[in-house]
Amino acid sequence: MKTLKFLFALWKANLQAAMEFRAAFITQIIFMIVNNGVYFIFWVLYFDKFGNVRGWTVNDMMLLFGIAATAWGASAYFFGNFTTLGEIIANGRLDYYLSLPKPILLHVLASKSIGSGMGDILYGVASFAISGYFTWDGFLRFFLGVTAGVCIFISFLTIIQSLSFWIGNTVALSQVALSAVLTFSLYPSALFNTTTKFILLTILPAALVGNVPAEFVRSFSWTSLLQITAGAVVFLVFAMIIFRSGLRRYESGSAIQVEV
Amino acid sequence: MKKYLAIIQMQVINNIAYPGDFLGRSISIGIFLFIFAGLWRTTFAIAGTDVINGLTVSNMLWYLMMAETIELGRPRINRVISEQVKNGEVAYILSKPYNFLLYHFSFGLGDSLMRIVMNIIVGTGVTWILAGTPPSPLGWAMAMVTMVGAWILHFCMMALIGLTAFVVEETNSFELIYQKAVFILGGMLLPLDLFPQWLQSIARVLPFPYMMYAPARLFVKPEWGLFWQMLANQWIWVAVLAGALVLAYRSSEKVLTVNGG
């Protein structure tokens, strides 16, 4: 409960900081919505030309985009440091967080908010709403799928970037990992062979933030539910273990920094 | 001229100073090509044909390899200019004995050169495995020639976006929209040949196809008629956008305020 209160306080502070530059914040949101919409034109053109591809239609793509965009946006908006954790570790900027009696990983991740993430969230929810798959129980499944997606996005990148404790700079590695997991999550898994599908469900968990939740929203199944929840829990636990064991090796840079 | 060559050289050295990081970035093109291979093989299999609008699966994958090379190698100069304007570093650069735009042109070129070379090497390797033998030497030659104009067009657009930092706080959003316009109207994700006719007509009067579609299409289907036509249109757009950039820079200079030192 205490941790939740702390998390809400961080989010409130981030929102207040964003509101200091209200026009920039709103511009980022609007532009991200437009950006996603323009990108989606590719799928509109594609399905207009080729119709149904192994059971996938433009409506299925709207649902897939809705889930992946919302999960990505929520990760970026609520846990904005999940893409820069490696740099924070490598630059010795964990000192500030270590000196406070709060959960370190959670504190680092939620200390920053990426404003454009809100644009992704709004676009994602709207995309789901107009996909033709919207029902109220479907909305609950959508929420569950997105929550699992957030856990997996954050955990996966935390695992990759925690390698900074051992190998130093992981900027290039995390950029490749990020672009791989995000790009694969936006394509139907029906396009890939069995080996690739297995990889996308395990070491590069893109299917767990895109295709499996989309399948789950379309129709309830215990298999999909198990895959999503087990995936989220396993990745979350694994991320915490790796981060903690890395933290033991952390050496301060003794740099004077101000965290604002 | 010598000083600009030195800037290019400096950026090339900067890029290869961290080989691990440099190689890591080149892996991205392999990932994208792998996904596109899945998408287009499935599409052709379902369509039950070897050729769609004159393009085979192999043509599609080589086309996408060239398009991705251009996208991943284009200059990211807007971020540099925008940061310099916001943190005041622009005053330091303006006091140096070189032209602001040519400085960034050289800086961007040095930054792009090695990335383009690495993406071509990695992209060619991956696509060769996925799609078979590469296009003819004539295709390579036409692609290389039109890539020069494509790069300059990207530079002009990126610099124009960077200069908007003189009037607005947030410029990254403009880059995102521009990137997606190139993805769609430039024919990066889908060659223009596969567009409906009405959209093809719109795209062809805009600069975007000459930044992406022209080199990639000539790469896989080299035709002299199309080459001269594309090249002429491309350089008309270079003249238009370079002119717009010079004008935008002159008016930005007038609104520049430097406080302190």
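## Fold of chain A

From the N terminus on, the elements of chain A run α-α-α-α-α-α-α-α-α-α-α-α-α-α, that is, 14 helices and zero strands. The coordinates belong to a predicted model, for which the scores are ipTM 0.82 and pTM 0.86.

Chain A has a radius of gyration of 19 Å, which agrees with the value near 18 Å that a compact globule of 260 residues would have. Taken along the principal axes, the box filled by its C-alpha atoms is roughly 60 × 45 × 35 Å. Of the 260 residues in chain A, 44% are buried. When contacts in chain A between residues at least 6 apart in sequence are considered, 79% of them join residues at least 24 apart.

## Helix H13 of chain A

Helix H13 of chain A, residues 211–218, is mostly covered, with seven of its eight residues buried. These buried residues are A:Asn211, A:Val212, A:Pro213, A:Ala214, A:Glu215, A:Phe216 and A:Val217.

The surroundings of H13(A) come from several parts of chain A. Its buried residues pack against helix H3 (58–78), helix H8 (136–162), helix H12 (206–209) and helix H14 (222–247) of chain A.

## Two residues of helix H8 in chain A

Helix H8 of chain A, one of the helices against which the buried residues of H13(A) pack, contains A:Thr147. A:Thr147 counts as partly exposed because it has 17 C-beta neighbours inside 10 Å, whereas a buried residue needs 20 or more. The C-alpha atom of A:Thr147 is separated by 8.7 Å from that of A:Ala74, although the two residues are 73 residues apart along the chain.

A:Phe143 also has its place in helix H8 of chain A. With 13 C-beta neighbours inside 10 Å, A:Phe143 counts as partly exposed, since the exposed class takes residues with 12 or fewer. From A:Phe143 to A:Phe78 the C-alpha distance is 15 Å, and the separation in sequence is 65 residues.

An α-helix has 3.6 residues a turn, so residues three or four places apart point the same way.

## Contact between the chains

The contact takes 30 residues from chain A and 28 residues from chain B. On the side of chain A that touches chain B, the elements that give two or more residues are helix H2 (22–50) and helix H10 (171–185) of chain A. H2(A) supplies the largest share of that side, with 14 residues.

By class, the side of chain A that touches chain B comprises 21 nonpolar, seven polar and two charged residues.

## Fold of chain B

Chain B has eleven helices and zero strands, and from the N terminus on its elements run α-α-α-α-α-α-α-α-α-α-α. The radius of gyration of chain B, 19 Å, is close to the 18 Å that the globule rule gives for 261 residues, so chain B is as compact as a globular protein of that length. The C-alpha trace of chain B spans about 70 × 45 × 30 Å along its principal axes.

Buried residues account for 44% of the 261 residues in chain B. Among contacts in chain B between residues at least 6 apart in sequence, those that join residues at least 24 apart make up 81%.

## Helices H7 and H10 of chain B

Helix H7 (residues 137–163) and helix H10 (residues 213–220) of chain B pack with their axes 7 Å apart, at an angle of about 175°. That angle makes H7(B) roughly antiparallel to H10(B), because angles over 145 degrees fall in that class. From H7(B), the contact is made by B:Gly139, B:Trp140, B:Met142, B:Ala143, B:Thr146, B:Met147 and B:Ala150. H10(B) contributes B:Ala214, B:Pro215, B:Leu218, B:Phe219 and B:Val220.

The residues of the contact of H7(B) with H10(B) divide into ten nonpolar, two polar and no charged.

## Confidence in chain B

The average pLDDT of chain B is 89, and 97% of the residues score at least 70. Within chain B, confidence is highest in H10(B), at 96. Confidence in chain B is lowest in helix H5 (residues 89–94), where the mean is 80.

How values were computed: Residues are numbered from 1 along each chain as its sequence is written. Chains are lettered from A and ligands numbered from 1 in the order in which they are written. This is a predicted model: local features need pLDDT of at least 70, side-chain atom pairs count only at pLDDT 80 or more; totals for chains, interfaces and linings use all residues. Helices (H or I, at least four residues) and strands (E, at least two) are DSSP runs, numbered from the N terminus. Two residues are in contact if their C-beta atoms, placed from the backbone, lie within 7 Å. The radius of gyration is taken over C-alpha atoms; the globule rule is 2.2 Å times the number of residues to the power 0.38. Axes are lines fitted to C-alpha atoms, for helices over the stretch in contact, and angles run from 0 to 180 degrees between N-to-C directions. Angles under 35 degrees count as roughly parallel, over 145 as roughly antiparallel, 65 to 115 as roughly perpendicular and the rest as oblique. Ala, Val, Leu, Ile, Met, Phe, Trp, Tyr, Cys and Pro count as nonpolar, Asp, Glu, Lys and Arg as charged, and the others, Gly among them, as polar. pLDDT is the predictor's confidence in each residue, from 0 to 100.
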